[in-house]
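Work through the exercises below with the sequence and the model side by side. Try each task before you read its solution.

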Amino acid sequence: MAQPAVKSHDFTEIDAFLDALPTKDGALIPTLHKAQEIYGYLPEDVQLHIARKINVPASKVYGVATFYSLFSLEKLGKYKINMCLGTACYVRNAEAIMAEFAKELKLDHKGTTEDYLFTLDGVRCVGACGLAPVVMVNEKTYGRVTKSDVKTIVEEYIKLNSEH
């Protein structure tokens, strides 16, 4: 059975970034960061293009992209909801709060909504234990979150999205 064709992205911006570098040595991680900034994630065709441009094996690009948690191989939502599941948050009901987010977003547990508006995930620690349980939506931190706060937080971003 034939493999489906991989969507090809416009590489103009990533090529301009790479062309501006004085050397390609040590450029993999900065290039992956730039690519994720441009595309929102690191699809296969982008990884292969980067590998060719900086002359490294595609397996190395994939290995780095999958090793670091800041990189994603899947398209993420516009609003990334990260529920802290570190010890302080966990003992203050973080798991139940995450389940409430999943219920509100109609997700099984974690993942991305069909409209790519939200991505829900758990993280080990956000370094704000005094505010436990903590939720981060993109760069905004919410402390002492309860299950009853979940709907309000989600609605805040739905409203924000409709204003843009």
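Helices (H or I, at least four residues) and strands (E, at least two) are DSSP runs, numbered from the N terminus. The model is predicted: local features need pLDDT of at least 70, side-chain atom pairs count only at pLDDT 80 or more, and totals for chains, interfaces and linings use all residues. Residues are numbered from 1 along each chain as its sequence is written, and side-chain values use heavy atoms, with hydrogens and water left out.

**Exercise 1. The fold**

Task: State how many helices and strands the protein chain has, and give their order.

Solution. Start with the count: seven helices and five strands. Next, read from the N terminus: α-α-α-α-β-α-α-β-β-β-β-α. Then take the extent along the principal axes: the C-alpha atoms fill a box of roughly 50 × 35 × 35 Å. Finish with the contacts (heavy atoms within 4.5 Å). Of those between residues at least 6 apart in sequence, 62% join residues at least 24 apart.

**Exercise 2. The largest pocket**

Task: Describe the lining of the largest pocket and find which strand gives the most to it.

Solution. The search runs on a 1 Å grid over the protein atoms alone. A pocket is an open set of points where a 1.4 Å probe fits, with protein on both sides within 12 Å along at least five of seven lines; lining residues have an atom within 4 Å of a point. Volume is the space filled by probe spheres set on the points, which are joined across faces, edges and corners.

Step one is the volume: about 790 Å³. Of the 24 lining residues, S69, F71, S72, L76 and D121 are the closest to the centre. Step two is the strands. Strand 1 (79-84), strand 2 (111-112) and strand 3 (118-123) each supply at least two lining residues. Strand 3 gives the most, with five.

**Exercise 3. Aromatic rings**

Task: Classify the ring pairs of Y68 with F67 and with F71.

Solution. A pair of aromatic rings is described by the distance of the centres and the angle of the planes. Rings of Phe, Tyr and Trp (its six-membered ring) pair if their centres lie within 6.5 Å; planes under 30 degrees apart count as stacked, over 60 as edge-to-face and the rest as tilted.

The whole structure holds five aromatic pairs. For F67 and Y68, the centres are 4.9 Å apart and the planes at 90°, so the pair is edge-to-face. For Y68 and F71, the centres are 6.4 Å apart and the planes again at 90°, so this pair is also edge-to-face. F67 is exposed at 64%, Y68 is partly exposed at 38%, and F71 is buried at 8%. Elsewhere, Y79, F118, Y142 and Y157 form one aromatic cluster.

Definitions and conventions
Buried means under 20% relative accessible area, exposed over 50%, partly exposed in between (1.4 Å probe, protein chains only).
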